[in-house]
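Subject: Structure for your files

Hello,

Here is the structure I said I would pass on. My notes follow below it.

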Amino acid sequence: MASLFVIQGRDQGSRFHLEEAVHSIGRTQNHSIRLHDTEVSRNHAELVRHGNAYTVRDLGSSNGTFVNGRMVTEHELANGDQVQVGRSLLLYTGFVDDRVEDAAAKVDIIPLAGDEDDGSRIVASLGQTTGGSEWLMPDARGSSNPWLARARSNLQIMYRTALAVSHTMDIDQLLSRIMDMIFEWVEADRGCIMLKDLETGKLTPKVRRHRRGVRSDDKISISKTILDYVVEQNEGVLTSNARDDSRWDPAQSIVSLGVREAICVPMQGRYEVVGVIYIDTAVTPQKVLTSKGSNQFNEEHLRLMIAIAHQAALAVEDTSYYKALVQAERLAAVGQTIASLSHHIKNILQGVRGGSYLIELGLGDHDAATKGGERDEETAQKAVDTIRKGWGIVERNQERISSLVLDMLTFSKEREPEPQPSDLNEVASEVVDLLASRAEELSVELVWRPARNMPTLMFDPEALHRAILNVLTNAIDACDEKEAGRVIVSSQYDDIAKLAKVVIEDNGAGIAPDDVEAIFTVFVSRKGGRGTGLGLPVTRKILEEHGGQVRVESAVGQGSRFTLELPATPTPPEPENDRRATLATLHGEQASKSGVE
């Protein structure tokens with residue numbers, strides 16, 4: 001499927017899937033591609049499908065439509081084209097060609113037949129060593145051939161540049177590395193890398209350098225004449241004497257700054273200039289006398305600077321696209337979270353509102369029953385019953401909001417369990433007792449079968465309580481509409497495998513095979529308005545934090561079996577000194593008791 005992905009602008013991170021024959025682009029709600037950009041016209045452009053391609057057509061917009069930086073009235077889009085409308089930049093992804101060549105059918109690997117020799121010989125091998133580029137073209141400076149020495153040196157520089165841009169997604173760190181390498185290679189006095197601001201299009205300095213020995217707090221004054229020329233012409237420039245260069249007017253800033261030599265190159269990405277790299281040598285009376293007319297920069301420096309700037313530009317673009325994708329994923333996750341939470345909170349508030357209404361109604365009836373100094377006992381009792389019913393509804397919804405908040409906190413925070421010597425039977429028994437009234441209310445039989453051989457183990461009792469509570473709540477709710485609903489909770493201890501388990505079985509509706517894994521996805525619930533879709537993901541997270549897991553067996557119409565399994569970590573042995581102190585205390589208590597008797 002073709003799509004437009006917003007990589008720059010107010011809607012950055014949004015993706016528009018192209019399915020229809022015609023898609024309109026504009027600022028109003030009636031457009032299939034709506035952009036919240038004040039520089040986009042109400043009816044800006046349209047996309048028309050022809051076969052497996054879309055053509056973009058400007059609809060007489062105020063600011064025009066651009067493809068890859070060029071204004072168009074009508075243009076057939078190719079995969080990877082950038083469409084600019086207003087200040088918004090959209091990346092076009094075309095239809096994928098499903099015709100894939102079968103390379104395996106056209107490539108044969110011929111094995112040796114017995115001891116037969118095919119005449120192949122490995123004459124040399126080379127491996128990439130970590131930490132440098134000398135393996136690629138060694139001894140560049142020691143070669144007797146000047147051309148070969150320069151070629152080797154240039155190849156090493158480009159290789160190091162490629163490594164620098166591929167090993168980081170941090171723009172500032174990347175540009176700093178590039179600038180350091182340039183100063184190792186070129187005897188420049190000062191340098192600067194500037195990037196285009198995404199909103200204004202103006203160049204903003206990001207990294208600056210001075211040659212060693214020059215005060216680093218000195219300002220770098222850069223000629224706007226050079227910058228404008230490089231960006232507008234998309235050409236790198238080398239000037240060795242600004243006053244004698246026909247490109248520069250005597251009144252322009254490059255001459256007035258006294259720049260003797262300068263290289264400025266565009267950071268040309270795939271579709272546009274994303275910035276510039278600038279280096280120069282500032283003229284001084286002493287340098288004029290000692291240089292004797294020789295130049296530090298030449299065309300070879302210019303060519304390599306252009307190549308380095310292109311590599312850096314590609315890395316800047318890739319990082320921008322990556323940030324846009326991350327932003328899109330973050331926005332989608334936040335949107336899903338807000339939508340789900342809003343839905344659950346709305347249901348809870350409706351419950352609270354309903355309970356409050358009953359309480360208010362009961363209070364009104366109670367006042368009426370005791371009005372005028374006479375008390376109507378029957379009416380007063382009905383009023384109290386109504387108040388109690390309303391308060392019960394409010395209380396249940398308080399529990400729901402509390403449960404929702406606790407699940408959100410548990411799921412969103414990375415935490416290490418706080419293990420302490422605990423009895424798994426006792427923890428599970430507390431959960432069973434807590435939900436007994438809920439099971440009774442839904443006419444579900446709740447059975448508890450503890451393991452008799454369960455030892456004291458090391459785990460986080462509060463976290464395990466939460467995990468068991470979530471699963472048991474689901475099991476009881478799953479039996480809500482069952483005529484003879486039954487939930488069995490049991491604990492098991494496997495001394496050989498060193499595993500402790502809590503098994504929760506129900507004879508409820510069951511889970512379809514395709515939905516078994518989906519139930520552990522956040523905000524996926526099969527309980528309608530009663531579920532938040534957080535309980536089971538939280539349970540799995542808690543068990544995994546303990547090094548355990550949750551196993552599920554289910555059949556539609558027959559019920560489900562959840563096994564909460566965790567490593568049986570024994571309690572640490574008591575230190576010898578503490579053991580002796582404990583024994584001494586016990587002996588003292590026994591002697592004291594004997595004396596009293």
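Helix H9 (residues 461–478) lies across strands S18, S20, S21 and S23 and runs at about 20 degrees to S21. The helices (H or I, at least four residues) and strands (E, at least two) are DSSP runs, numbered from the N terminus. Angles run from 0 to 180 degrees between N-to-C directions, with axes fitted to C-alpha atoms, for helices over the stretch in contact; contact means heavy atoms within 4.5 Å.

This is a predicted model, in which local features need pLDDT of at least 70, side-chain atom pairs count only at pLDDT 80 or more, and totals for chains, interfaces and linings use all residues. Residues are numbered from 1 along each chain as its sequence is written, and side-chain values use heavy atoms, leaving out hydrogens and water.

The sheet is open and has five strands in the order S18-S20-S21-S23-S22, with mixed pairing; two strands pair if DSSP finds at least two bridges between them. From one strand to the next, the twist averages 15 degrees. S18 and S20 (residues 486–494) run parallel and are joined by five bridges; Glu445 has Arg486 in S20 as its bridge partner. Helix H8 (residues 424–441) also packs on the sheet, touching S18, S20, S21 (499–506) and S23 (559–567), and its direction makes about 170 degrees with that of S18.

Elsewhere, Ala307 is found in helix H6 (residues 299–369). Ala307 is partly exposed, at 27% relative accessible area (buried is under 20%, exposed over 50%, partly exposed in between; 1.4 Å probe, protein chains only).

Regards
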